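Have the picture open beside you, and we'll look at a few spots in turn.

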Amino acid sequence: MKALATALAVATFATVSDTTEVARTQAVPGSRHTFVTVSGTGVGYVAAHQRADGGFAEPGGTSSPELTAWAVLGLRAAGGGAGSSALSYLVAHEADLTDVTDVELAAMAETVLGRRPDRLLTRIRAARKASGRIGPGVNSTTWGVLALRQARERAPRAAIRYLLRAQRRSGGWGWSPGGAPDSNDTAAAMEALRVTGIRGAPIRRGLAYLRRLHNRDGGFELTPGRGSDSQSTAWAIQAFLAAGKPVPRGAFRYLHRMRRSNGSYRYSARYVTTPVWVTSQVLPALAKRPFPLY
């Protein structure tokens, strides 16, 4: 899986006008959340990039199971659909997944599409270490917990303790043990902890860390001094929603300003890159649905 703390590899400059979002509020049957269905914006853009093989691809690119999983999660969070062909594509490419985080992401996507991903869940369980870590690091443990909870399985207590120990003095979480924290990994770890019932100081400290990455333009940045971007802002919004706290002022407006005329979302005010991936990660925040998607 592409790191949540990814650096921009390819960027295209573009100037677009601000566009107003059209949305409606809708209750999800059996869900703990009310969400916003985004009409004619990001949902349509992501859906339009599903290929004939059932997978999703960036413009001009080829399908990949990782991007397909992100697209499925984004579409389902926002009330859209990816169809049975996306599930067939994911199942057909399970053996291609080598990184534990890719396995966990695909397991979540297959689960929200209505399939129990037994082979992927078995691989996640097999990646558990005596320390509580799932896979190679903090991020893989976070996504292991989210994938298991998405499948309605109990998260290992040792994995929860590992995530709690991995919180840095700043209140944030990083990609790997001892690594510098960032907003994306912090938000994902907080979502994993909240769905396992963790409250109190770890969550307060995580929110305090995220608030320090909240900029005057309303957006959140990945790390200090980097500048606001859509994915970091979306992750931060999900973290505040998971914690049951008000989303900081301006965050949704920032995302609205990043919307392009074709319905996709810019990475930032300066860059347009990987629009299907960026838009897929923005959709759950706009729909006000943290992970896992219940």
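## Two helix pairs

Start with helix α4 (residues 100–112) and helix α5 (residues 118–126), which pack at an angle of about 145° with their axes 9 Å apart. Keep in mind as you look that this is a predicted model. Their crossing is left-handed. On the α4 side, the contact is made by V103, E104, A106, A107 and E110, while α5 brings L120, R123 and I124 to it.

Why those two values, an angle and a distance? Two packed helices are described by the angle between their axes and the distance between the axes. From α11 the contact uses F252, L255 and H256, and from α12 it uses V282, A285 and L286.

## Stepping back

How many helices and strands does the protein chain have? There are 12 helices and 6 strands. Of its 294 residues, 58% count as buried. The accessible surface of the chain comes to about 12,000 Å², and carbon and sulfur atoms account for 51% of that.

## Rings and charges

Searching the whole structure turns up 6 aromatic pairs. One of them is F220 with F240, a tilted pair that is 6.4 Å centre to centre, with 45° between the planes. F220 belongs to strand β5 (residues 220–221) and F240 to helix α10 (residues 230–242), so the pair links distant parts of the chain, 20 residues apart. Are these two buried or exposed? Both F220 and F240 are buried. Elsewhere, ring pairs tie W70, W143, W235 and F291 into a cluster.

The charged end of R152 sits over the ring of Y294, 4.0 Å from its centre. K288 lies over the face of F252, at 5.5 Å from the ring centre.

## A buried alanine and a partly exposed arginine

A239 lies in helix α10, the helix that also holds F240. Why does A239 count as buried? Its relative accessibility is 0%, and the cut-off for buried is under 20%. Leaving aside neighbours within four places in sequence, A239 is in contact with A187, M190, E191, L207 and L210. A239 and A188 are 51 residues apart in sequence, but 7.2 Å apart in space, C-alpha to C-alpha.

Now for R168, found in the loop between α7 (157–166) and β3 (173–174). R168 counts as partly exposed because its relative accessibility is 33%, and that label covers values between the 20% and 50% cut-offs. Which residues does R168 touch, not counting those up to four places away in sequence? They are G178, G179, P181 and R205. R168 and R205 are 37 residues apart in sequence and 9.5 Å apart in space, C-alpha to C-alpha.

Terms used:
Residues numbered from 1 in each chain as written. Predicted model: local features only at pLDDT ≥ 70, side-chain atom pairs only at ≥ 80, totals over all residues. Heavy atoms only, no water. Helix = DSSP H or I, 4+ residues; strand = E, 2+ residues; numbered from the N terminus. Buried < 20%, exposed > 50% of the residue type's maximum accessible area, 1.4 Å probe, protein only. Areas by Shrake-Rupley, 256 points an atom, 1.4 Å probe, with all protein chains shown as cover. Phe/Tyr/Trp six-rings, centres within 6.5 Å; stacked < 30°, edge-to-face > 60°. Lys NZ or Arg CZ within 6 Å of the ring centre and 35° of its normal. Axes fitted to C-alpha atoms, helices over the stretch in contact; angles between N-to-C directions. Left-handed = near helix turned anticlockwise from the far one by under 90°. Contact = heavy atoms within 4.5 Å.
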